[in-house]
Amino acid sequence: MTFGTLYANWLCLIHSEYHHPWDPVFRQIGFGTAADHHVHHKLFVKNYGHLFMYADWAFRTYLNPDCVAAFTGSKEGKTVKGW
């Protein structure tokens, strides 16, 4: 019951498309954030993890939201390297 409650709340947070103050900390420890999940909805071939980004880091499918041109407003995205 506890896991289900935490999981449901986490899904609400990552689908909120809102930057939370704790996002940088969560991103550093491998928890997916709303911005990370937004990359997945925009590109579909990156950031597969709903809760954790460890597999995305390992298989080089992680893309930092700061490196996506559609989010940064630049015409070209920055060069992206895996963790």
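User: Let's begin with Arg60: is Arg60 buried or exposed?

Analyst: This is a predicted model, and in it Arg60 is exposed, because its relative accessible area is 60% and the cut-off for exposed is over 50%.

User: And where is Arg60 placed?

Analyst: Arg60 sits in the loop between helix 4 and helix 5 (69–72), and its phi is near 55°, a positive value in a residue other than glycine.

User: What about Phe44, what is its phi?

Analyst: Phe44, which is not a glycine, has a positive phi of about 65°; Phe44 lies in the loop between helix 3 (34–43) and helix 4 (54–58), and it counts as exposed at 55% relative accessibility.

User: Switching topic, how many disulfides are there?

Analyst: Searching the whole structure gives 0 disulfides. As for the cysteines, Cys12 counts as exposed at 56% relative accessibility, whereas Cys67 is buried, with a relative accessible area of 18%.

User: How many cavities of 30 Å³ or more turn up?

Analyst: The search of the whole structure finds 1 cavity of 30 Å³ or more, and the largest cavity holds about 60 Å³ of space.

User: Which residues line the largest cavity?

Analyst: Among them are Trp10, Leu13, Ile14, Trp22, Asp23 and Phe26. Helix 1 (2–14) and helix 2 (23–28) are the elements that give two or more residues to this lining, and helix 1 gives the most, with 3 residues.

User: And what is the lining like by class?

Analyst: The lining of the largest cavity has 7 nonpolar, 3 polar and 1 charged residues.

How values were computed:
Residues numbered from 1 in each chain as written. Predicted model: local features only at pLDDT ≥ 70, side-chain atom pairs only at ≥ 80, totals over all residues. Heavy atoms only, no water. Disulfide = S-S within 2.5 Å. Buried < 20%, exposed > 50% of the residue type's maximum accessible area, 1.4 Å probe, protein only. 1 Å grid on protein atoms, 1.4 Å probe; cavity = no way out; pocket = protein on both sides within 12 Å on 5 of 7 lines; lining within 4 Å. Points joined across faces, edges and corners; volume = space filled by probe spheres on them. Helix = DSSP H or I, 4+ residues; strand = E, 2+ residues; numbered from the N terminus. Nonpolar A, V, L, I, M, F, W, Y, C, P; charged D, E, K, R; others polar.
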